[in-house]
Amino acid sequence: MTALLSISGLTAFYGSVQALRGVDLEVGKGEVVALIGSNGAGKSTLMMSIFGNPRARDGRILFDGQDITDMPTHEIARLSIAQSPEGRRIFSRMTVYENLQMGAAVAGFAGFEANLDKVFGIFPRLKERLKQRGGTLSGGEQQMLAIARALMSNPKLLLLDEPSLGLAPLVCKQIFETVKRLNEEEGLSVFLVEQDAHHALKLAHRAYVLVNGAVTMSGKGADLLRDPKVRAAYLEGGAH
Amino acid sequence: MARLEKISSALREAALATLIVAGLGFPIIAYRAEPDFNNALALLGRWPLFFQFCLAAFALRFALAFWRGGAAKAPIRERLWRSPRWLGPAALIALVVYPLAVVGLLGPQAALKWVDTYGVQILIYVLLGWGLNITVGLAGLLDLGYAAFYAVGAYAYALLAPATGLGFWALLPVCGLLAAFWGFCIGFPILRLRGDYLAIVTLAFAEIVRIVLTNWDVVTHGEAGLFGFPGLNFFGLPFIPGPRGFAAHAGLPFAGVHKLIFLYYLVLILALAANLVSLRLRRLPLGRAWEALREDEIACRALGLDTANIKLTAFALGAFFAGVAGCLFALRQGFVSPSAFTFSESALILAIVVLGGGGSQLGVAVAAVFLVGASEALREITFLKSVFGEGFDPAQYRMLLVGLAMVAMMNLRPRGLVSTREPTIKLPAGKIAAETAS
């Protein structure tokens, strides 16, 4: 399996505070990779660093063999990496349709209709809400919209930051199932940052555990799920 | 019994309001500092005026509390108001007919004021409002220094017209482009700023422009300003009496209002063009990117939009229209000086945009008519002099009017006069309804 995204020795700072301490990580083609960790471990920072904000101070980030470490954010986004950022960040005063159009801004409007149909196939609910403003959707629908918006650019790699944030367990499960389907049917590679370790590990082919800005463990999702240390720290509510 | 209670609660509220007015008014109304013979400041008591204010506050607050029952405030009921379809064409026809009707009714001499002050001036502000609406309303970049670009346009015309010998048709786009260029220049250093910080820097930029215009005597003649530059002509025919003028060629008796009517239509056409451009742009990817930028900058970047470019174009295009408006201002006044481009000018234009409801074209136009027209109308109310005495100048109170309008807006229509944001894409209703039903 060739690596689609490969990160080596990545460090990042907020001012003088070090958030990432030499992270090595790989996402292969057609793989679902999860990154789990507690609050403040640096999960979202890692996700944002791939997009150059905060910029990596050391280390290299390669996407599809291309060095993207020092590229401007918007150019990275044009390389068929799509992101569904933490907190969803949909355009709340614009309609669902307009939100989806913004997602296609990079890919151009050539395959717009086809993409729209594809997205509606995955999230039929959005089709019903097409003319509604983003801000009037429920939390789950907003998350669907955020993912759908990211998919509108025909990405090879989807970065998902905390898709379960603030969602009811049932809706959460639905979202994870959709991600799984996207991976299996469309061959989409997914890099998932998640607090909900149980669901994330069940879904992921491989996973990394991030503690204080460094990867402490990695392995197959199913293996980590059984690992006593992971269980104690992230699954059974114990302290590590 | 209930009535008595109502009165007593209203009285209490009125007393409180009076106390506040007394406290606020004591230092600014009760005493006035004036220099005496020795140029030392002497305090003059103005107690009657002070008590008038207190009494007025008491009476008004009592009436308000009594009629509203002093009860809990009614929830804001903001109905979505959609402008009826006939409104646009009707307003357009009214605007086209207006100057001719005024001249026909009042004669060319009395119509001067109506075409100039209430026509051309208001339309220039509408144009400015629509321009700033691109920056503030659509792209969400708070610009407190819009008058700087207005000044650039006005001075560009006043300086270039005599120097190059070009007519205003050629200079109009030049003025716009120069202002847009300055829009770019101010845009670059502030790309990283947002919200309050952005506002402060634009404010400072406007002050820099104004102070340079004031002090660069060699070029701008400082406070004295520039005048005597070539004015308007009708496709080569100057608006002058005598055989070479426009009136003689058109077979009309000469009247000063001809020039103003021509200017009126010129401003009207340019304002409509600005409106058309912003309406069209909203449907293009660029316009939608502006709105997306206003909603969430980080999401924009994550979707691959170059936010720097989007901000710069919003700034430059807004500035372009200000430059055009500045050129028209110079043509109208025949005189430009830095005092026309102070912060209060920026504030007025911003107030027009905010009152109009950010992003709404019609609301901005209505707000411009109201704010500019009403403050001009205040000058006309001469009968108030018989009430408040000879020294009373109603025009002094126009900022009070702006304040009142703002307070009224906050209470009645907190999202602007016309608060609906039309989606840029109207989906064919039948198609979607059928699809969602299936």
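This is a predicted model: local features need pLDDT of at least 70, side-chain atom pairs count only at pLDDT 80 or more; totals for chains, interfaces and linings use all residues.
I started with β6(A), which is joined to strand β7 (residues 157-161) of chain A by four bridges, the two running parallel. My strands are DSSP runs of E with at least two residues, helices are runs of H or I with at least four residues, and both are numbered from the N terminus. I call two strands paired if DSSP finds at least two bridges between them. Within this pair, I found A:S84 opposite A:L160 in β7(A).

Residues are numbered from 1 along each chain as its sequence is written, and chains are lettered from A and ligands numbered from 1 in the order in which they are written.

Next I traced the whole sheet. It is open, has six strands in the order β6-β7-β8-β3-β9-β10 (chain A), and its pairing is mixed. The edges are β6 (81-84) and β10 (214-220) of chain A, each pairing on one side only. For angles I use axes fitted as lines to C-alpha atoms (for helices over the stretch in contact), and angles run from 0 to 180 degrees between N-to-C directions.

Then the other sheet. Four strands of chain A form an open, antiparallel sheet ordered β2-β1-β4-β5. At its edges I have β2 (17-28) and β5 (66-67) of chain A, each with pairing on one side only. Nine bridges link strand β1 (residues 3-14) of chain A to β2(A) in the antiparallel sense; in β2(A), A:L20 is the bridge partner of A:A12. Helix α1 (residues 43-50) of chain A lies across β1, β2 and β4 (58-63) of chain A, at about 70 degrees to β2(A).

On to helix packing. Helix α3 (residues 96-103) and helix α6 (residues 139-151), both of chain A, pack at about 35 degrees with axes 7 Å apart. Contributing to the contact (C-beta atoms, placed from the backbone, within 7 Å) are A:V96, A:N99, A:L100, A:M102 and A:G103 of α3(A), plus A:L145, A:A148, A:R149 and A:A150 of α6(A).

Last, a length check on helix α7 (residues 169-186) of chain A. Just after α7(A), I noted A:G187 with a positive phi of about 70 degrees.

Technical notes: Two residues are in contact if their C-beta atoms, placed from the backbone, lie within 7 Å.
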